[in-house]
Amino acid sequence: MIDKAAVIGTGVIGSAWIALFLAKGIAVVAIDPDPAAARRLRATVAGMTDALKASGLIPATALIDTDQVRFAASPGPELAEVGLVQENIPERIELKRATFAAIEAFVGPDTILASSTTALKVSDIQSDCRKPGRVIAAHPINPPHLMPLVEISGGNLTEPAILDRAMEFYAFIGKKPVRLAREIEGHIAGRLSAALWREAVYLVEQGIATVADIDAAVVNGPGLRWATMGPHMTYHVGGGAGGIEHYLQHLGDSQARRWDTLGTPALTSALKARISDGVLDEAGTRSVEEITAERDIRLAEAIRTFAC
C-alpha cells in the first residue's frame, strides 16, 4: 500500500487530501509556490479536523500534524519516493499538461499520477506524458474533506491495473470510490448536480417558486431520500413490490413526459440578478463562512448516520 504521497496545490481541495492522508499515516510532500502555503495549510486543516472526527471519517484519536508535511515550491527530487501524486491546480489544460510533465521528471516508474480535475478529460491531460498509462482522474466532491465520494476514471491510454490500484488506495483512506467505465466531462456527480441546478434555475426563470422555496423542496424532499439511496434505487422502491420493472411499465411514460417539460434557462443578466437576490434573501444575515460551518456540522451528522 502507498505510504507516501505528494499533493500539488494546497488550497481547499489539496488541504483536504493532505488531512486525510495524514490521518491514515501517509507521509506527505506538498508542492505549492505560495510562500504562505504552510501557514495557510495549518489553518485550513485545523478547521477541517473537528468535522472529520464528528463525522466518523477519521478516528477521534487521529493525529493530523501538518508540521510533518514537507513543502517545496515546485516539483523536485522530493517526489522520488512517493507512490501517488494528487494534483489540485486550476482547471487550465495547458497548466495541467505542463505540471504533469514536470512531475514525471522526478517520480518513480510505478507512481500513480492523479488529477482532482472537475471537468477536464484525462485523455487531454495525459497526452504529453511520457508514461500516460499511469495518469487518472480522482475527483472529490465539495466539501472534499467530508464527502466520501471520489470518482475514478482513466483516459484513452490509462492502464486498467492503475485504476485497480487507485480504487484500493482511495478506499483505504476512507473514501467511497466509484469507477467510470469511460471518461466524460464533469464525471457522474458533477453532471447530476448540474442537471438538477439547471432545472432549479429554470423554475426561478419561469416564476414557479422563490429561490428559498426551491431549495427547501430539495432539502426537505428528495435530498433526504438521496442520502439513503440513489436515483435508480429510489424508483425501484417507488415501484412497490414489482420494483423498477413495474415502475417503468406503468409510470415510465409519465416520467418521459416530465423530461419533455424540463427547461433550458438562459442565464441572462436579469436572471443572474434574480438568483443572486434570492440566494441573499435566503441567507439572511448569515455570512458564507457561517453557512459553510452550519453545512459541515449537518454533513458530519448525516455522514455518521447514512454513509455506507
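Modeller: What follows describes the sheet, then the helix lying across it. This is a predicted model, in which local features need pLDDT of at least 70, side-chain atom pairs count only at pLDDT 80 or more, and totals for chains, interfaces and linings use all residues. Residues are numbered from 1 along each chain as its sequence is written, and side-chain values use heavy atoms, with hydrogens and water left out.

The open sheet is formed by 8 strands, in the order β3-β2-β1-β4-β5-β6-β7-β8, with mixed pairing. Strands here are DSSP runs of E with at least two residues, and helices are runs of H or I with at least four, numbered from the N terminus. Two strands pair if DSSP finds at least two bridges between them. At the edges are β3 (70–72) and β8 (176–179), each of which pairs on one side only. From one strand to the next, the twist averages 25°; angles run from 0 to 180 degrees between N-to-C directions, and axes are lines fitted to C-alpha atoms, for helices over the stretch in contact.

Within the sheet, strand β4 (residues 84–87) and strand β5 (residues 112–115) run parallel and are joined by 4 bridges. Q86 stands opposite A114 in β5.

Helix α3 (residues 93–104) lies across β1 (4–8), β4, β5 and β6 (135–140), where contact means heavy atoms within 4.5 Å. The direction of α3 is at about 160° to β5.
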